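This report describes selected features of the model shown below.

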Amino acid sequence: MEYIVSARKYRPMTFDTVVGQAALTTTLKNTVKSGKLAHAYLFCGPRGVGKTTCARIFAKAINCQHPTADGEACGECESCQAFNEQRSLNIFELDAASNNSVEHIKTLMEQTRIPPQVGKYKVFIIDEVHMLSTQAFNAFLKTLEEPPAHVIFILATTEKHKILPTILSRCQIYDFERMTVQNTIEHLKAVAEKEGIKYEEEALAVIAEKADGGMRDALSIFDQAASFCQGNITYQKVIEDLNVLDTENYFRFVELSLENKVPEVMVLLNDIIGKGFDGGLLVQGLAKHVRNVMMAKDPQTLPLLEVSEQQKQRYQEQARKAPTPFLYGALRLMNQCDLGYRQSSNKRLLVELTLIEVAQLTQPDETPASGRRPRRLKSLFKNLMTAAPRSEVQSARSEQPSPQPEVKTAPQVAAAAKPKPRLSGITNSWGNLRRQAQPNKKQILPELQADDGEQQAAEEFKQDELELQWMAMCNRMPQHYSAIAARMKNMNPVITDMPAVEVVVPNDIIKTEVESIKGSIVNTLKKYLRNRDITLTLRVAAPEERQKILTRREQFELMSSKNPSIEKLRVAFDLSIA
C-alpha cells in the first residue's frame, strides 16, 4: 500500500474539519447558503494554515448540485464526485510561482470564455499569486474586474503586501490566522489516535511550538517524530530528534539566577554550548521563557501562554518565586544581548556577561529596584578570591605592609609617607579590580553633600581597610565628580600616626581640587572606618617620590605576578583586557 504523509492523508475535505479558522469557514458556508458570491476572493495568511484547502472546499461547495443546509457540499453529486476523483473540468489550479508570465495569464483568460459543462461556475484557484510579474498583474486586471458571470477567481498568497493595490481592491479579502499551540496539539492527538500511535502531551506541545503556527509543518514534524520514536512519541525522544533545547534548562537558569549562583550558571551554559546549541538561540529561548513566566504572574495574562497545561502550572510555580523587577531587568538585558549578538566579535563572551548580569539582578547591595543593569561583578570575583588555596592567600597577605606603630621616629614617618606599590596581595588586587569597575552613576553619595553629624566611634583601622574604603568612596562619587574621582583612584592614602592619614598628590593643581572636597572626604572616612578622630593631610609629592602610572595591562601583569589566582581567573573565563 502506498504511504501518504499525514499532511495529505488528513487534509480537510469539509469546512467543519478545517482547524483553527472557525470565523472564516462560517462566513464561507453562509455565502454558499445565500448564493451571494463575489467574483474574486483573496485568501492570505501564513504558510500551512489552510488557504489552498479552504479554496478547494469552497470551489467544491459552490459547484455542488445539492448543497446541505449548512452550506457544505453533498459529496454525492456528479460535480462532487468529479472533484473527489480529480477529474473536474470546472475547477482549475494554477501555481503562479512557476506560471507567472504574461503568456500564462493570457492563456488563463482564454479559458474563462468557455462556460462550465457540469455545475454553475468555473473556479480558478491561483496559488502564490504574489509571484506574478507586474506585467502579468496588469494583464489580469481587466478580466478580474469584470469576469464572465460563470467565472470565480480564488487567489491565495502568503505575502499580501506584494500584491498590487489595484488587485486588492477587486477582491474580497480573507485573512487566515496562525494555528494556536492548543489547536495544533488537539489535531495531532486526533491524528495519533487514528494512526494508533502512543504519545505524551508534552511531546506534542514541542512539535506544535516547533511548527510555529503552521498545521502542515506540524504534521510533517509529527511524521518525522513518529518514525524516530517507532510508534511511541515521548518528550525526550522528540527533543533529541528535533535538536530542541529542553525547557528544563530555562527553568534551571532562572532558579540559579534568583539564587545568584553565577558559577553554576556558567557551567550550565558551557554544557549547553558543548551540545552544539547556538548562544544566540539560547538567549532568545531564555527571553521567551522569562516572558512566559511574567505572563503567568497574573490570571488575566495566563491565557496568553501557548503551552500545555502541565507547562502552565510550572510557569505559575516559578512566577511565584520570581519578583517582577527581576523579570523586567532580565528581559531588558537579554533584549540588548539579542540586538548586539550579530555585531559582536566575541559572541560567547557577550552571552556569558549577559547571564552573569541576570544572575546578579537580585543582589540588594548592587542592583537597584528598577532592575537596571548592574555595574559591578563584585560577588563573582569575591567568591573566586575566597576559593583560592590557603597557601596563596597567606603568601599574598605576607606581602601586605604591616600596621605602623603609634609612635614613630622622623625617618620612619618619612618612609611611611613614601608611596607604596598598591598591587601586592589579595587586598590590593581586589582594589584594582574595584578600580576598573564602572561606578553606578545614578547613585547619590550622601557623605559628599554634608556632614550628617553622626557620632562615630574611635576604632582603630588597618592600612588595607583604609585603601579599600578610599577606593569604594571614589567609585561611589557622583557623575559631576568623575574627573577628580579618577585622579583620586591613583592616590594612596597612608596612616602616618593613628588616626592621622596622609595623601600624596602629584601637583598643586590636583591638591587644590582635592582640598575643595576635603571635608566630605574626611566625613566619609570617619563614617565607614568608624573613627571620629580621623584627620587628612595633603602633600605634593617630591620629584623622587613620583612613580610611573601603569597602564591597565601593566597593572594586570603586576597583579598576576603577585597573585597567581588572578591569572587563573582570566584563563577560567577566557577573559581579555579591553
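## Packing of α14 against α16

In this predicted model, helix α14 crosses helix α16 with left-handed geometry. The two elements span residues 279–295 (α14) and 324–340 (α16), and their axes lie 10 Å apart at an angle of about 155°. Because angles over 145 degrees count as roughly antiparallel, α14 is described as roughly antiparallel to α16.

On the α14 side, the contact is formed by V283, Q284, L286, A287, V290, R291, V293 and M294. These residues meet L327, Y328, A330, L331, M334, C337 and D338 of α16. By class, the contact of α14 with α16 comprises 12 nonpolar residues, one polar residue and two charged residues.

## Packing of α13 against α17

The crossing of α13 and α17 is right-handed, whereas that of α14 and α16 is left-handed.

From α13, the residues in contact are V262, V265, M266, L269, N270 and I273. Their counterparts in α17 are R348, V351, E352, L355, I356 and A359. Nine nonpolar residues, one polar residue and two charged residues make up the contact of α13 with α17.

Helix α26 covers residues 552–562, and its residues Q555, F556, M559 and S560 are buried. These four lie on the same side of α26, because they cover an arc of only 135° around the axis.

Helix α27 covers residues 564–572 and has S565, I566 and L569 buried. Viewed down the axis of α27, the buried residues fall within an arc of 105°, so they line one face of the helix. After α27 comes D574, which has a positive phi near 50°.

## Backbone features in loops

Which residues are joined by a cis peptide bond? The bond links M498 and P499, and its omega is about 0°. P499 is placed in the loop between β8 (493–497) and β9 (500–505).

Q86 is a residue other than glycine with a positive phi, near 55°. Its position is in the loop between α4 (78–84) and β2 (91–95). Is Q86 buried or exposed? With a relative accessible area of 78%, Q86 is exposed. D212 likewise is not glycine and has a positive phi near 55°. This residue occupies the loop between α9 (201–211) and α10 (215–229). D212 is partly exposed, at a relative accessible area of 47%.

## Overall composition

How many helices and strands are there in the protein? The protein contains 27 helices and 10 strands. Of its 578 residues, 47% are buried.

Contacts in the protein can also be described by sequence separation. Among those between residues at least 6 apart in sequence, 72% join residues at least 24 apart.

Key
Residues numbered from 1 in each chain as written. Predicted model: local features only at pLDDT ≥ 70, side-chain atom pairs only at ≥ 80, totals over all residues. Heavy atoms only, no water. Axes fitted to C-alpha atoms, helices over the stretch in contact; angles between N-to-C directions. Parallel < 35°, antiparallel > 145°, perpendicular 65-115°, else oblique. Left-handed = near helix turned anticlockwise from the far one by under 90°. Contact = heavy atoms within 4.5 Å. Nonpolar A, V, L, I, M, F, W, Y, C, P; charged D, E, K, R; others polar. Buried < 20%, exposed > 50% of the residue type's maximum accessible area, 1.4 Å probe, protein only. Arc of directions from axis to C-beta.
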